[in-house]
Amino acid sequence: MSLLFCRGKTEVQSMACKRAAHNLAAHTTNLLGGRTLQQKFYENRILDRYTAQEAKKVSLRQLVLFGRQLTGDKLIASANYVRTELPVRLAHRISDFQYLPYIAGTNPHLRTVYELYWRAFDEFRKFPVVKTLDDNRRFCDTMRRNLLEHSRVIPQLGVGVAECASLVAQDDMDAFMHQMLVSRISRRTLSEQHIELSEQFDGALRAHLGLRADEGVDQMRQAPSDFATQHTGIVSANCSVAQVVHDCAERAGGAVEEACGLPAGTAPHVVVMGHTDATFMCIPGHFAYIVHELLRNAMGHVVRRYTGRLGEGGAGPAFPPISVTVCSSRSDVVVRVSDEGGGIAASELPHVW
């Protein structure tokens, strides 16, 4: 903190002190994202009330069981759980930002993410208690908008962390990013699960009341007391591993062909073997994202290593296939992706993780 002492100064000197004080205040306010020190202190007092609370953990099984026999009252209870849980989780991540060195906090990319988190935290903590299905629809609209606004968080975080690599210890930055990414997944899961359950419930309620898709929701403000649905939201209780692999292989192949300028259908084939009928409980979107990235990476390296073979004589694929082996037991499902892309040089392994 800087202090200015102006007692006993001449009028000219006093004016100079006032200008210096004004400039200091403006500079400090700018560094605090447009807020004064008093406002920032008040905000941190609010934040402390939420960081004192622990996030309430929930499992995929709990999410699935909750969706069974879903009534209007249970849906409203779910909305209020998410409404109170999101600001707690956001508050902990905002606190992580505040523990970064000051110079890292002034990075424009990290500051953008920080401000996005502050706005979301403030909006969710002020959202009124959800009491009706109409309230729930407004809450879902707020979450959809928030999810869209935060779609640019990962690129901003990545650039900001890269630019601050020399300012923060590597282990500390790794821990910071780990917390950011894990918390982001958990918040998006809570939001997307509730949004999906709400859409499924409203769709079933509309059908139950005999309403057309273009009719208003005036008659859907309250569900009949005996009305219930059987939905699991974004969670699948029996996700087919082989089906997800096949779907991801098709999309990854198209992406690699476009990136490498290959003719359609010439990307490395994917062969699934092992327990091809295996299923497990998961969020298919999350599982597919991981599989897609693994296959795209494997295909890309195989293409770069064997691209000279394209068009050589003989039938069949021009590139060695990607092998995906599925192993399933009563408690685990293991998916192994094998390729002939050459792997990572031993000298580079210490720098991978």
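**Figure 1. His-292 and its partners across the chain.** Apart from neighbours within four places in sequence, His-292 makes contact with Cys-248, Arg-251 and Ala-252. In this predicted model, His-292 is placed in helix H11, and with a relative accessibility of 13% the residue counts as buried. Cys-248, one of the residues that His-292 touches, belongs to helix H10, so that this view leads directly to the pair of helices shown in the next one.

**Figure 2. The packing of helix H10 against helix H11.** Two packed helices are described by the angle between their axes and the distance between the axes. For H10, which spans residues 241-260, and H11, which spans residues 284-306, the axes come within 8 Å and cross at roughly 45°. Because angles between the roughly parallel and roughly perpendicular ranges count as oblique, H10 is oblique to H11, and the crossing in which H10 passes H11 is right-handed. On the H10 side the contact is made by Val-241, Val-244, Val-245, Cys-248, Ala-249, Arg-251, Ala-252, Gly-253, Ala-255, Val-256 and Cys-260, while H11 contributes Phe-287, Ala-288, Val-291, His-292, Leu-295, Arg-296, Met-299, Gly-300 and Val-303. Sorted by class, the residues in this contact of H10 with H11 are 15 nonpolar, three polar and two charged.

Figure 3. Cys-248 lies in helix H10 and is buried, with a relative accessible area of 1%. When neighbours within four places in sequence are left aside, the contacts of Cys-248 are with Ala-288, Val-291, His-292 and Leu-295, each of which is also listed among the H11 residues that meet H10. Between Cys-248 and Arg-296, which are 48 residues apart along the chain, the C-alpha atoms are separated by 8.7 Å.

Figure 4. The structure holds zero disulfides. Cys-239 is in no disulfide, and the nearest cysteine sulfur, which belongs to Cys-282, is 3.7 Å away; a disulfide would require the two sulfur atoms to be within 2.5 Å. Cys-239 is buried, with a relative accessible area of 6%, whereas Cys-327, at 41% relative accessibility, counts as partly exposed.

**Figure 5. The packing of helix H4 against helix H9.** Helix H9, formed by residues 170-209, packs with H4 at an angle of about 165°, and the two axes are 10 Å apart. An angle over 145 degrees counts as roughly antiparallel, and H4 is therefore roughly antiparallel to H9, in a crossing that is left-handed. By class, the contact of H4 with H9 contains 12 nonpolar, eight polar and five charged residues. Ser-78, placed in helix H4, counts as buried at 10% relative accessibility, and, with neighbours within four places in sequence left aside, Ser-78 is in contact with Phe-66 and His-194.

**Figure 6. Gln-69 in the loop between H3 and H4.** Gln-69 is found in the loop that runs between helix H3 (60-67) and helix H4 (72-98), and with a relative accessible area of 48% this residue is partly exposed. Most residues other than glycine have a negative phi. The phi of Gln-69, by contrast, is near 55°, a positive value in a residue other than glycine.

**Figure 7. Phe-227 in the loop between H9 and strand S1.** Phe-227 is found in the loop between H9 and strand S1 (236-240) and is buried, with a relative accessible area of 7%. Leaving out neighbours within four places in sequence, the contacts of Phe-227 are Leu-70, Thr-71, Phe-201, Ala-204, Leu-205 and His-208. The C-alpha atoms of Phe-227 and Gln-69 are separated by 8.8 Å, although the two residues are 158 residues apart along the chain.

**Figure 8. The setting of the close-up views in the whole protein.** The protein has 11 helices and five strands, and buried residues make up 38% of its 353 residues. Of the contacts in the protein with a separation of 6 or more, 76% are accounted for by residues 24 or more positions apart.

Conventions: Residues are numbered from 1 along each chain as its sequence is written. This is a predicted model: local features need pLDDT of at least 70, side-chain atom pairs count only at pLDDT 80 or more; totals for chains, interfaces and linings use all residues. Side-chain values use heavy atoms; hydrogens and water are left out. Buried means under 20% relative accessible area, exposed over 50%, partly exposed in between (1.4 Å probe, protein chains only). Axes are lines fitted to C-alpha atoms, for helices over the stretch in contact, and angles run from 0 to 180 degrees between N-to-C directions. Helices (H or I, at least four residues) and strands (E, at least two) are DSSP runs, numbered from the N terminus. Angles under 35 degrees count as roughly parallel, over 145 as roughly antiparallel, 65 to 115 as roughly perpendicular and the rest as oblique. A crossing is left-handed if the near helix is turned anticlockwise from the far one by less than a right angle, and right-handed if clockwise. Contact means heavy atoms within 4.5 Å. Ala, Val, Leu, Ile, Met, Phe, Trp, Tyr, Cys and Pro count as nonpolar, Asp, Glu, Lys and Arg as charged, and the others, Gly among them, as polar.
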